[in-house]
Amino acid sequence: MDSRQIERSAADWLARRDGGRWSAAEQAALDAWLAADTAHRVAFLRLQAAWRQGGRLKALGAGLPAGVVPARGQWAQAAFTARAARPADAGDAAQPAVDFSRLRFAPRPPARAPRWPLRVGAACALLLALASTYGWHRHAAVERADYASGVGDLQPVQLADGSQATLSSDSRIQVALSRAQRRIDLQRGEAFFEAARDPARPFVVDAGAHRAVAVGTRFSVRRDGERMRVVVTEGLVRLESGDPRAPSTLLPAGSVALAGPDGVLVRSVPVDEAERHLDWRNGYLSFDDVSLAEAADEFNRYNARKLVVADPAAAALRVGGNFRWSNTEPFVALLEQGFPLRAERHPERIVLHSR
């Protein structure tokens with residue numbers, strides 16, 4: 001079914017629902033039609049929004065006295081009956097008189113005869129006019145939502161287009177899905193995306209001054225202030241800057257890209273190595289010869305009780321290994337055993353000093 005047919009079907013459903021004889025079976029049929037295809041939901045929600053913005057048939061009330069709105073179920077005929085009933089005014093004087101003796105009226109249809117086909121035509125006319133008036137077009141957003149995770153929590157998210165996201169600890173995204181684009185604003189933290197394939201609607205993740213653009217792939221985006229990290233585990237991602245003059249960078253599976261004010265740095269590694277950057281999805285942190293300061297920062301992203309590195313000598317120590325991010329205390333105990341460190345424990349923090 002093409003977009004025009006979908007629009008007509010959506011207008012049909014909207015008009016039937018407003019006709020006053022809406023049954024539970026019809027509601028169930030509408031729900032099934034909406035669930036069958038995202039394009040159905042897009043069309044119906046857009047037309048419904050136009051309907052509400054128009055004050056519900058205000059356009060078809062032309063000729064009625066000011067402030068009068070046709071009653072529910074009567075809007076299809078109200079504009080015409082009102083014009084016939086009002087007295088002639090000065091503007092009507094120039095019109096030829098009507099000889100009512102020559103008029104012939106067809107018998108009134110049975111009271112139970114369905115009238116919604118007339119409503120469909122009127123609804124289509126009204127909604128097309130409103131769409132033009134209010135500027136609805138193929139870029140109109142049809143879903144907007146915010147999702148967030150707490151410290152130490154992972155939040156799975158199912159998007160309306162079939163894509164999935166997993167928010168890491170203390171992360172937040174804002175979603176806007178339209179008929180032309182799927183846009184995610186990563187406001188803080190990190191998220192892993194499994195973008196449903198849709199070549200007609202790019203999947204765009206904004207993080208500060210940079211964005212990652214995909215069609216259908218698996219990748220993560222992390223935001224640290226003005227810096228952004230992208231890890232691609234499947235498919236292809238295009239990394240773009242906010243500066244339209246700057247060239248974009250294509251990231252195939254196995255890419256780990258760091259983007260910031262000083263440029264873009266890309267490493268190409270085996271996919272299984274790239275996956276280790278995403279061990280947080282399974283409750284682990286993986287360190288490969290990183291400074292203790294970096295390791296402490298990672299633990300702090302997932303725990304309310306913070307690690308504080310007290311001096312430069314302690315911060316410069318190099319550590320490696322896999323650790324559960326919920327096990328801060330065992331990590332500190334291992335540091336005390338293997339390094340010249342002393343831990344000072346407090347209810348809200350653990351301070352690490354050189355010995």
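Predicted model: local features only at pLDDT ≥ 70, side-chain atom pairs only at ≥ 80, totals over all residues.
Let me start with strand 8 (residues 218-224) and strand 9 (residues 227-234), which run antiparallel and are joined by seven bridges; strands here are DSSP runs of E with at least two residues, helices are runs of H or I with at least four, both numbered from the N terminus, and two strands count as paired if DSSP finds at least two bridges between them. Residues are numbered from 1 along each chain as its sequence is written, and side-chain values use heavy atoms, with hydrogens and water left out.

Strands 8 and 9 form a hairpin with two residues between them, and Gly225 in that turn has a positive phi of about 65 degrees. Strand 8 also pairs with strand 5 (residues 182-194), in the antiparallel sense and over six bridges. What stands opposite Phe219 of strand 8? That residue is Phe193, while in strand 9 the bridge partner of Phe219 is Val232.

Let me turn to helix 7 (292-302), where eight of the eleven residues are buried, meaning that they have under 20% relative accessible area, with exposed set at over 50% and partly exposed in between, for a 1.4 Å probe and protein chains only. Among these buried residues are Leu292, Phe299 and Tyr302, and the charged residues Glu298 and Arg301 also belong to the group.
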